[in-house]
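Hi everyone, thanks for making time. I'd like to walk you through a few local features of one model, so please have a look at it with me.

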Amino acid sequence: MSNAHADNEDKCCGTKPETQGSPQHGGHAHDHSGGEHAAPVKSRRIFKISGMDCIEEVTILRKVLSPIVGNEDKLSFDVLNGRMGVNDDKVSDADIIKAVSRTGMKAEVVTAGKEPQDAGSYRKYATMLMVVSGLFTTAGFLVDAYTKGSLMAAFQEGGKMPAAAIGLYIAAITAGGWFVMPKAIYALRGMRPDMNLLMVIAVLGAAGIGEWFEAATVTFLFSLSLSLEAWSIGRARRAIAALMSLAPETARLKQDGGEKEVPAGEVKVGDTFIVLGGERIPLDGKVTRGESHVNQAPITGESVPVRKEVGAEVFAGTINGDSTLEIAATKTSDNTTLANIIRLVGEAQNKRAPSEQWVEKFARIYTPAVILLAVAVFVIPVIMGLSASAWFYKALVLLVIACPCALVISTPVSIVSSLTAAAKAGVLIKGGVHVETPGRLKALALDKTGTITEGRPTVAEVIALSGHSEEELMARASALEARSTHPLATAVIEYAQKKNVKVESAEDVAIIPGKGVTGHFQGKVYWLGSERYLQERKQETPEVKAMIAKISGAGRTVIVIGNDTHVCGLVAVVDAIRPAAKAALARLRELGIEHLVMLSGDNKATAESIAKSVGIDEVHAELLPEDKVTAIDGLVKKYQSVGMIGDGVNDAPAMGRASLGIAMGAVGSDAAIESADIALMADDLSKLPWLISHSRRTLSIIKQNIALSLLTKGAFILLNLAGMSTLWIAIAADMGTTLVVIMNSLRLLSTSEKTT
């Protein structure tokens, strides 16, 4: 086993980082985002939550349910799909449903993976009530205008309002505030004022001083604003639903010499199904018969179809080319790569981005401060002898203006849109907490094998020494590598078979981590490994050293084979550099990545040759797994924000130590997806620059939204104090800001590379 085996050695002997959750919740040791933890539970239940459309509702649910289940970590939330997970077997479904109802939301149990039949009724009902509120408000205004003789008279203060108009306004307030009032009551009881409470205070205050039109208008516009918020989340939900629809619901199962169309969920692992040309593949599996080109763009974002032949892996949701394939299922329908992507994108909202956390903390201080300011705006002028009714009205307007609706929604919608767009582009971001990090990276460490190179090495040259023949050398090398699945071992065995060398397994094979392997073959002890292992055995001669230097200088990896007395020969292995590597790394520099580093277990000469050809300026070679962690530590101390990209398994310890761990070519690999913060589903380095641009674009839009929200608030507060604003104008301005923020955030659903 050559030293390049050290590039992947920790598959056997590395330390796998702890994850935050079960297989349902990937993450590694440095992820403290507040997601689910891995503590085993006896019962996991899923509830459909009607009315949960943003992080604010999640915060409310955590507050009310944590005392019941005993620990906040037993709760998980999927905002995109409106679901809540409860890991607790002591609390009944009825108690959870009752507790949720107190918040103004509705919980229903999801059984056997099926959604409640009326899952979408809440949103439809809320929309209907919003429309009814608008109609009653309009009707009340028209009745008032008719009674007073003109539309302008209805706008002016003073004059007796007819009872019919008041009745219609009350109906409008009731309809528009139907789902807001319970949340406001809960906020008041919990002494946690939020925008729902601000709106209710303003509406009741306006009604109390006879401003019925404005009270009804504020209620309608606020309910319209909430509907826009729900629509924006629904837009992202529909994008995820589009992913879900990629996998066909049925499969053409092969049985008893014939075919039978069955639901995809009934296909078991090992069953063979048939996919005709042009059809979508319903399940993950391996090709058992046929050859075709498969369009994997829906999963990996690759633009060019990939050739598939017997033994090749295929994935649910991808599109078969012109030829028929027979495929043996390797996963059930609820555990495919596509299903995991959809689940992880949904759960990613549970891990909040730094900007989301900042907005939430800001709102906790901001909202009570606004209430105190409104009280001061009313009390101080009254003490000074000014009009109580006029300043009470200004205090109410202040409450409406200061409502943090646009501010609260500014970040979550951006994050949801960003996560969804990335998934469509073949980049799986496992949490809002990881959306912003790529845009802040200063340095990037890259594994060599399988990241910069293609990870499919081939034997380029065999040099037999000490009187041995090539056939003898390959027999010994293949015997030592016979049971290894490492790419270099595969290259040796394939070459031996190509040369018609019989491959026999050696006995008493022992692995020397990161260095080599020893074993008995045909009664003698042989070893295989790196130049470092050769030096440790003190068997390196000047001639052998010169040969290794020449081979390594050409960018090839050297495998040394020997016995207890001498070196039997050398095998030169070449791993092609990815065609897109040089251009992708150049683009990273253009984007401001200050430092690019290669981390490799291969010998120094080979690593430096490859690094030079792609434009990397720092190389750490001949590394053991723990050495890679040490290298990352040094980079973090120097650059603070450092990314590490590898295959997601063998580089897991180093990825866990970096600010951001990125798995390369993770399609089909559950372990790779679980071990990284971000997974590039295809073997495409060009996705790295795209990811950084996408992250920066997300950050830019979030900052735009926050700035717009705060500036609008400030401007209208000044207009209010100057007597130039009214309740309905204030809420209209807030709703307009909310709409602008939402539309700005939804621009992120575009997956094109773009910097702002």
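In which sense do strand β24 and β25 pair, and over how many bridges? Strand β24 (residues 642–646) and β25 pair in the parallel sense, over 4 bridges. Two strands count as paired if DSSP finds at least two bridges between them, and helices (H or I, at least four residues) and strands (E, at least two) are DSSP runs numbered from the N terminus.

A quick word on the ground rules. This is a predicted model, where local features need pLDDT of at least 70 and side-chain atom pairs count only at pLDDT 80 or more, while totals for chains, interfaces and linings use all residues. Residues are numbered from 1 along each chain as its sequence is written, and side-chain values use heavy atoms, with hydrogens and water left out.

Back to β25. Gly646 has Ala663 as its bridge partner there. β25 also pairs with strand β26 (residues 678–680), again in the parallel sense, over 3 bridges, and Ile662 stands opposite Ile678 in β26.

How many residues of β25 are buried? The count is 5 of the 5 in residues 660–664, so the strand is largely enclosed by the rest of the structure. Buried here means under 20% relative accessible area, exposed over 50%, and partly exposed in between (1.4 Å probe, protein chains only). In a regular strand the side chains alternate between the two faces of the sheet. In β25, Leu660, Ile662 and Met664 point one way, and Gly661 and Ala663 the other.

Next, helix α22, residues 625–639. After α22 comes Gln640, with a positive phi near 65°.

Finally, an open sheet: 3 strands in the order β10-β9-β12, with antiparallel pairing. Its edge strands, β10 (306–308) and β12 (319–320), each pair on one side only. Strand β9 (residues 292–295) pairs with β12 over 2 bridges, and Asn295 has Ile319 of β12 as its bridge partner.
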